[in-house]
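Reader: I'm new to this one. Can you walk me through it?
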Amino acid sequence: MTPRQRRLLRIRNAAVAVLAVLGASGAHAEPVRWVSEPYPPFSYVSPEGPRGLAIELVRAAHREAGIAEPEFVFLPWARVLAELATQRPVCVTAMARTPARERSYRWIGPFVASLMGVATRRDTELGSNAATALAGRDVVAIRGDVAGDAATRYGAEPARLSLADGPESALRMLNAGRVEAWVHGQAVIRWTIASMKLRQEDYAVQFPLRMGDSYFACSKAVPDAYLAAIQRALDSLRRSKPGTASRYDSIVNPYLDGSIGS
């Protein structure tokens, strides 16, 4: 494709995206609202405003599609789920796509793998069998998060599974000895330890378990054209010339390799 053809394609995609934002019912259609939870390194609020790899990908995809960048509203995860269940056009910056969730939302992505793990204090012994590692133990996961399902795969018993409102609350429960293990995304566990100024060497993160991939999840009220425009833009960010990093890699990798700290 020639440079001129690429420019024309971007113009066409931008025009389609603008029409998507306006919606089939005209210019007074409700704009898509983006919500998030504090979930570093995917999404968090810094002194400079919302940041995180998912936040930056959403912004970049909107720029690529020719759509104005959205504002981000941060809510507890339970309220995020409640927003997605309304009849309004709402998207969330990161959700693991699982069979149980498949029919409830509309999806854009994927953008990273959803990799769970079990965090413990370094002196806690869980054995070597992932399927029974949490049997008979007090465990915490985040309320409404896929990590609750992951915990049962590690042998956690429902009666001994506590639910926290966020990662920092879960880590405080682990540090206070109220639970022996915290099940959550591995990247988030490590980021939370760092953000609370604790030592990584005091903790172990074991038994990696892939629970689908992370997507942008949207309510059923989000227009088809809008979803298609952001999906095309995200796919475009992944493309690169041989030997060079894609724009997607330049956004995501610094958050995952620790170059961008908490």
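Author: We'll go through salt bridges, then strand pairing.

Reader: What is this model, and how are residues numbered?
Author: This is a predicted model, where local features need pLDDT of at least 70, side-chain atom pairs count only at pLDDT 80 or more, and totals for chains, interfaces and linings use all residues. Residues are numbered from 1 along each chain as its sequence is written, and side-chain values use heavy atoms, with hydrogens and water left out.

Reader: How many salt bridges does the count come to?
Author: The count comes to 14. A salt bridge here is a side-chain nitrogen of Lys or Arg within 4 Å of a carboxyl oxygen of Asp or Glu.

Reader: Give me one. Which residue does Arg88 form a salt bridge with?
Author: Its partner is Glu30, and the closest N and O atoms are 2.8 Å apart. The pair links distant parts of the chain, 58 residues apart. Arg88 lies in the loop between helix 3 (77-84) and strand 5 (90-97). Glu30 lies in the loop between helix 1 (3-22) and strand 1 (33-36).

Reader: How do you define helices and strands?
Author: They are DSSP runs, numbered from the N terminus: helices are H or I with at least four residues, strands are E with at least two.

Reader: Is Glu83 buried or exposed?
Author: Buried, because its relative accessible area is 15%. The cut-offs are under 20% for buried, over 50% for exposed and partly exposed in between, using a 1.4 Å probe and protein chains only. Arg33 counts as partly exposed at 24%.

Reader: What about Asp202?
Author: Asp202 forms a salt bridge with Arg199, the closest N and O atoms being 2.8 Å apart. Arg199, Glu201 and Asp202 are linked in a network of salt bridges. Asp202 is partly exposed at 22% relative accessibility, and Arg199 is partly exposed at 48%.

Reader: New topic. In which sense do strand 6 and strand 10 pair?
Author: Antiparallel, over eleven bridges. Strand 6 covers residues 106-121 and strand 10 covers residues 203-218. Two strands pair if DSSP finds at least two bridges between them. Thr120 stands opposite Ala204 in strand 10.

Reader: How many bridges join strand 6 to strand 9?
Author: Four, and the two strands run antiparallel. Strand 9 spans residues 181-185. There, Val183 is the bridge partner of Val118.
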